[in-house]
Amino acid sequence: MDSRMAQRSSSPSSSDNNGFIQAVIMALVVTVILGYFLVLIVSPTNMYYLIWTPKIKARAATSTYFGAQGMSLLLDTFPFLFIAVLGCIYLHLRKKSSDKNTNRVEGKQKLAIWRRPIIVKGLGIVTRIELCFFVMFIALLVWSYASYLHAAFPFITPQSVAESGQKVWEVKLEEAGLMLGLVGNVVLTFLFVPVARGSSVLQLFGLTSEASVKYHIWLGHIVMTLFSAHGICYIIYWAATHQLSEMLKWAKTDISNLAGELSLLSGLVLWIATFPRIRRKMFELFFYTHHLYILFVVFFVFHVGVSYAGIMLPGFYLFIVDRYLRFLQSRSNVRLVSARVLPCETVELNFSKSKGLSYTPTSIMFVNVPSISKMQWHPFTITSSSSLEADKLSVVIKGEGSWSKKLYQIISSPNSVDRLNVSVEGPYGPPSTHFLRHDLLVMVSGGSGITPFISIIRELIHTSESQKCKTPEILLISVFKNSQDLTMLDLLLPISGAPSETSKLGLQIEAYVTREKQSTTEDKKNLRTIWFKPNPSDQPITPILGQNNWLWLGAIISSSFIIFLISLGALDKYYIYPIDKNTNEIYSYPIKAVLNMLLICISIVITSTAAFLWNKKHTGVEANQIQNMEGATPMASPNSWFYNADREMESLPQQSLLQSTNLHFGERPDLKRLLFERKESSVGVLVCGPKKMRHEVANICSSGLASNLHFESISFSW
């Protein structure tokens, strides 16, 4: 009893210590970020170029280790990676903190007005916070460009250009093109941050990679616009001054124009394939051309030189770490236990997972089926709950593209395969969710947009059963094209026979079938379950870096960067410096760039592989235990509760689900009425579906006519 009392009394103290450390880390992160952006703001000014830069370069010139590159590593690369490492420590502490959810609710409510949605043409649905930061970022770019021109143009006079035989407008055009490139480099700094799926930087600020893709899209459009304008200015300048031969210049110790053109060409091909019409109609073209980012980055480094490329290094560095870890995870096949086949060309895949793998609702996972395509990876929303289903992970795949249709055909065919090789990456999701702070959750879905809500409902089922705490009531408004799609509601219940009491959850379902006036009864197909045979080489899905994944990620980032610095310092001191003497006029820029990129890759491969193998060794015991457990394979599949509504229901959860469902045929929901009639003090509104539906719900919530409606942004994939 004394030991238990001591444990209870020490628990609050431990939580307080964790909370204090987290506050200190966050304060340090904010300080470093402010300093980083201060450098970005000051960098285009004369004060930076005429006062700060000469002093820093003077000290760097005497260094035999890093030379001029040391300035870029210090000001551009180190702060960003330092923030990432601090973020890893912060997230580890928050993960271990027992009261991590309750501490953040009040702050969320205070920011409620800033999180209201706004529909901006070209940006889509954004919150006021996102719009504010977007405007500030554009202001930074405008300020940088204006400052560059203000610093350069006064020195361009008829007298100053007389010796070169050029005209004033030609020199100003060259300078304007150069400054466009410099501003584009600022955007390039952040381009790869949103697509590092396991990034601590995103999670630190409550963002997910799936939700942050839109930031990557915005940044991509901006950077390619600036770089295209940069290239056009120079082509016009060279044509006007009869120097078109400069386009083929590949200098040894200067700017390589040809490398810049190859980088721009790679970027343009990639950029064109990202436009919605092309991406939707020819996804494979979009997918494969996106790999041109490798050529884009490599030739960019050749173009500007490795010293200046340091400005984009940190974001790309974190992306490489994340990409290599994903590569390691994807090398093994995972254990696919079963699949539930729905008549609406939808399939639910059920994988075996370790009990140590936890994830939050609305998380996603990338899936690869080599028999369909060895190269293509597709993201899908996880529908299972790691709390309710400790040893299983499920994703739902709707047959809407060529890849997903092929998968459905393979699994649903009469002679379906008895096993399927599958590899996965993930899962990836938000660090925490805050649905419990609402009195009511209104979930609006269109078609397969119901998938993220399945995981939320299952998580709330577990919360209501295990923690015995009050959970918000749920109003699920689902819109389907035909009655066959109604079978997707079957997925609200897990495949396992867990005693899930939906009646205690307060779940009400309003299902709308828009293209049928009444239920059709002919040629109905029941939901069926297919069980796959195990393979000795298959592994359950496990966390790639173990339970302490954030600490391991921080160790990889910091140790790999230290190894890179030591290797680079040795290379400079004992090989490059004896040749170049820090003049930057002798040793080849491209060769130096290749050596730097090689050292970065080697450092990341060594540290990431070591961390991966260490954790794989320690999780191998649990994986073998799961693999050796052979459960009985059910011979029958549960029928659909919708198609068997007139039969006696043997499953109480299914019966409860049926009783809480209202079916509406031949009509669409009046969303404005359904939302405005809710009088609860706090109503969380989530929407997943077509663009028109998302915008309609966002407009209702942002109208200000109902202060109790709180729009919750959510991302999903199917």
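Tyr-49 lies in helix α2, which spans residues 46-61; helices (H or I, at least four residues) and strands (E, at least two) are DSSP runs, numbered from the N terminus. The model is a predicted one, in which local features need pLDDT of at least 70, side-chain atom pairs count only at pLDDT 80 or more, and totals for chains, interfaces and linings use all residues. Residues are numbered from 1 along each chain as its sequence is written, and side-chain values use heavy atoms, with hydrogens and water left out.

With a relative accessible area of 39%, Tyr-49 is partly exposed; buried means under 20% relative accessible area, exposed over 50%, and partly exposed in between (1.4 Å probe, protein chains only). Together with Met-47, Leu-50, Ile-51 and Trp-52, Tyr-49 makes a nonpolar surface patch of about 500 Å². Patches are made of residues with over 30% relative accessible area and no salt bridge, where like charges are joined within 9 Å and nonpolar side chains (Val, Leu, Ile, Met, Phe, Trp, Tyr) within 5 Å. A salt bridge here is a side-chain nitrogen of Lys or Arg within 4 Å of a carboxyl oxygen of Asp or Glu. Accessible areas come from the Shrake-Rupley method with a 1.4 Å probe, and for residues only the protein chains shown count as cover.

## Nonpolar cores

The largest nonpolar core has 90 residues, of which Val-187, Leu-188, Phe-192, Phe-300, Tyr-317, Leu-553 and Ile-557 touch the most other members. Another core, of 33 residues, lies apart from it and includes Leu-388, Ile-509, Ala-511 and Phe-665. A nonpolar core is a set of buried Ala, Val, Leu, Ile, Met, Phe, Trp, Tyr and Cys residues joined through side-chain atoms within 4.5 Å.

Val-187 belongs to helix α7 (residues 168-191) and is buried, at 0% relative accessible area. Leaving aside neighbours within four places in sequence, Val-187 is in contact (heavy atoms within 4.5 Å) with Phe-137, Leu-141, Leu-219, Ile-222, Val-223 and Leu-226. The C-alpha atoms of Val-187 and Leu-226 are separated by 9.2 Å, although these residues stand 39 residues apart along the chain. Leu-188, not counting residues up to four places away in sequence, touches Val-223, Phe-227, Phe-296, Phe-300 and Met-312.

## Buried polar residues in strands

Glu-348 is located in strand β4 (residues 346-352) and is buried, with a relative accessible area of 0%. Its side chain forms polar contacts with the side chains of Arg-340 at 2.7 Å and Arg-458 at 3.5 Å. A polar contact is a pair of N or O atoms within 3.5 Å; within protein, one must be able to donate a hydrogen and the other to accept it, and residues adjacent in sequence count only if both atoms are side-chain atoms.

Ser-423 is found in strand β8 (residues 423-428) and is also buried, at 4%. The side chain of Ser-423 reaches the backbone oxygen of Ser-332 at 3.5 Å, and a polar contact of 3.4 Å joins it to the side chain of Asn-333. Beyond four places in sequence, the residues that Ser-423 touches include Phe-366, Val-367 and Trp-377.

## Backbone features

Strand β8 also holds Pro-427, which is joined to Gly-426 by a cis peptide bond with omega of about 5°.

His-242 lies in the loop between α9 (209-240) and α10 (257-272) and counts as exposed at 75% relative accessibility. Glu-345 lies in the loop between β3 (336-342) and β4 and counts as partly exposed at 39%.
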